[in-house]
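Please look through the sequence and the model shown here before reading on. The paragraphs below go from a pair of helices to the domains and then to a sheet.

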Amino acid sequence: MKRRQFIVRSGALVVSFGAARLAEDLGLGSLASAQRLNGAGSRQLDGWLAIKADGSVTAFTGKCELGHGLYTAQTQLIAEELCVPFNRVTLVQCDTELTPDQGTTSGAQSHPTNFNNADLALAGATAREALVALAAERLGVQATQLTIKDGVVSVTSNSARRVSYAELIGGRTFNLTLNPNAKRKSPADWTVLGTPVRRVEIPAMVAGRFEYVHNVRVPRMLHGRVVRPPSANATVASVDRRSVEGMDGVVGVVVKKDFVGVVAEKPWQAVQAAAKLNVSWTPGAALPSQRDLHARLRSATATRDTRMVDSGNVDAALAGAGTVVRATYLYPYQLHGSVGTACAVADVQGDKATIWAASQAVWPLRSSTAQVLGIRPESVHVIFKQGPGCYGINGADTVAYDAALLSQAVGRPVRVQLMRGDEMAWENYGVAYLVEQRAAVDSNGLIAAWDYESWAPTRGGRPGANAPGNLVTGTLAGFEPAAFQPRTPAPAATAFANNNNAVPSYVTGSVNGRAGGTGRIQAERVVTHGVRSTFFTGPLRSPERLQNTFAHESFIDEVAAALRVDPLEYRLKHLSDPRLIDVVTAVGKAANWQRRASPMLPIRRTGAASGRGMSCVLYEGDNGYCAMVAEVDVALDSGVISIRRLVIANDSGPISNPDGLRNQLEGGAIQGISRTLLEEVTWDDQKITSVDWRTYKPLFLSSQVPAIDIVLINRPDMPAMGAGETAVTIVAGAIGNAVFDATGVRLRQIPFTPERVTSALAARA
Amino acid sequence: MSRITLKVNGASHTVDVDPATPLLYVLSDDLQLHGPKFGCGLGQCGCCTVIIKGQAVRSCVTAVSTVNGAEVTSLEGLGSMEKPHPIQQAFVDEQAVQCGFCLSGVILTAKAYLDRNPKASDAEIRNAMSGVLCRCGANTRMLKAIGRYARGLKA
């Protein structure tokens, strides 16, 4: 209950009094100054943890809750390492004046970062060992003779001799640095971590009490709305400020190069003023056609090339092979499309600014906002407040710039919430992709060589500390996106890395004589081409990893089908990593996988056809193992694909919260279905045309809700890996393979719309 | 500007606003409720849902003047954190939430439908929910939570 109240209250406190007062109100007293780390001092234990006079624990994290259960899991971690009850821990997250700088909360990196022997987990272990040492001194015994329970250290043989954390250090600082040798508690002894503790925020959320960034209100606050260009390349010719003069509540019109916004007393007044403001725009260059997108990517000449692996013998192996399988896979631009539009509140007063934002990156946002405002980063205070699920870089950062620019211009705090089209037309989209692959098959029916080449458009992205032009507001206000730097030919790889999952699971991944991959195929070549994008792009849940894995997992299935062998067994013949083999085996068992070739014969020509398909991945080459079986029905007349069941096996190392993990896998799976079957950014010759939920159709609540069966593989003795992006990565491959199994039709372009399915069905022999 | 009186979650409020103002803006700004949220402003997603006269209403496309005098129930009007309504409790029990931003649409649409159709089948419930959007993919859990609540009504 304490924490819930804290969550509900903390926002109001922050809003009213600022961070120092928050620390004071938390009862941290003189401990507060120890939390002010200004970005880099996270080796200080006092920057991570404080024990108050009453013995309760306040922990500080630089990884924030995004709807994925991290707040609760991190609270469990601290409770476990400090041997205190869960409800005695309060977690403070992502505030540039209160918490350690842990960069960006992204990339399924929070579990590996904070749950291994570093950062937050190491802080917990360091603090526990320090408390035991203090207790040993106080009680006059060896540390090994002590037991801790509920924040009380006692002599194991005589529990009457005891001392509490409050008595040992309550209200005082540790004055220690994190001890890299501090010993984590053994998972065998866990009582809080590893258990399905319920999410802390949910009671407030279901009761409509939770405070999102959208609910932040500060004294004298005004409401802003932005006026984005009507077409992709338009620029401001002139703004007629008189067109909104005299409108109720209108306070100001703000123009900075091509950035235009209005500020009013109330949000509806701002909406009306933004609609009425007369702006003359100079139309820019026309957009290249959507139909030719992939052909343009394929023929681009100014590309940024990367050679991830190249054994040097792929061309020879292909030339000498009796059988060569080849295929090309296409992926569209897709939206983050958060269910709520982005919102931020900014209070810029002279050379100081306070920003409340749902950004995944409060520290980089501090620096880049300072650049936008022309003030020093140290003068900007960014406070994370939760927003709608973001899945990468949605509008949370760009709207923070919007609010900051408007507040700076009018000298009062300004809240901006984007309108639906403002966000959807100008997002940093998940990137489109074209992947070409070739496989040489040897006389034993095994793949002897795998050749991969891809083209993907990028522009902008996360702004980091100094590239506000990577987001639309930054560009409109006069900053350039990070420069696109062509590079051809690609230099040779110096070390194996597979963070984009461009290297398929089935090759050795050999660089400089060291095999870093998960497979057995030795003749391997993976070359990627970055192309300058027409639209802003950025990380969207499983960025590029999903696109690449769709191509790989479809392609291994195509080779197996060409050889008329079982696709699960065929995968196992090419894999070497035992944990990847384990998830593939486990998912097959859980799905009662029948070993046979695809498609299932005889192929049905009328009614509905059913099939099953599988896929697997080691996410980012080192960050979570996952395998999936999809069971689908295809309506042969309408081309509608229905997902009957998904079976998932996942191994992300030690399980910190099994229900939280299941929720992430389920969410990834459902989001993966939406992206596979429905989602595609569209445009005409002037502008983006997918600007609402009618023109960009995602999965709604009722349709396509499959049964989801999950096998969790717990590896308590292995490092913690990510789990937020494993399942979503392999949905498209599993569904495409299941459609092939059902119909004999291979779908190679996402999304698998009914139109694409029916035309593929019509074309089959 | 017009003076408009609303009874929201049992309490009476009079606001002086442009009569064309969408009800959502009055609820979330003038009354500072946290339940109803701006998702699309187009009535397409459900984030702004409230219950009026037993119907789930999308407050982002409902002019406040058209509900003058009406009783409005938002998510916070169903129950509190300490005393949640059974449908809210079902969402806690199923942990049927990720970011939680869509919950007004999910919970209030289901509640209004089941109030009128307490014996609805799972298929009918799904159909009733077909205009509600969750982008995190908590769909399976949410439908389980609604099913749990619906079974409680039949029992």
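**Two helices in contact**

In chain A, residues A:L365, A:T369, A:V372 and A:L373 of α10(A) meet A:D397, A:A400, A:Y401, A:A404, A:L405 and A:Q408 of α11(A). Contact here means that the C-beta atoms of two residues, placed from the backbone, lie within 7 Å. The residues of this contact divide into 7 nonpolar, 2 polar and 1 charged. Ala, Val, Leu, Ile, Met, Phe, Trp, Tyr, Cys and Pro count as nonpolar, Asp, Glu, Lys and Arg as charged, and the others, Gly among them, as polar.

This is a predicted model, in which local features need pLDDT of at least 70 and side-chain atom pairs count only at pLDDT 80 or more, while totals for chains, interfaces and linings use all residues. Residues are numbered from 1 along each chain as its sequence is written, and chains are lettered from A and ligands numbered from 1 in the order in which they are written.

Two packed helices are described by the angle between their axes and the distance between the axes. For α10(A) (residues 362-373) and α11(A) (residues 396-410), the angle is about 40° and the axes are 10 Å apart. Helices (H or I, at least four residues) and strands (E, at least two) are DSSP runs, numbered from the N terminus. Axes are lines fitted to C-alpha atoms, for helices over the stretch in contact, and angles run from 0 to 180 degrees between N-to-C directions. α10(A) and α11(A) are therefore oblique to each other; angles under 35 degrees count as roughly parallel, over 145 as roughly antiparallel, 65 to 115 as roughly perpendicular and the rest as oblique.

**Domains**

The domain assignment, which is automatic or from a database, gives chain A domain 1 (2-206), domain 2 (218-284 + 336-426) and domain 3 (433-763). The C-alpha centres of domains 2 and 3 of chain A lie 36 Å apart. Each of these two domains gives 28 residues to their contact. On the side of domain 2 of chain A that touches domain 3, the elements giving two or more residues are α10, α11 and α12 (420-426) of chain A.

**A sheet**

Five strands of chain A form an open sheet with mixed pairing, in the order β12-β22-β19-β18-β13. Two strands pair if DSSP finds at least two bridges between them. The edge strands, β12 (303-310) and β13 (323-331) of chain A, each pair on one side only. β12(A) runs antiparallel to β22(A) (residues 523-532), and 7 bridges join them.
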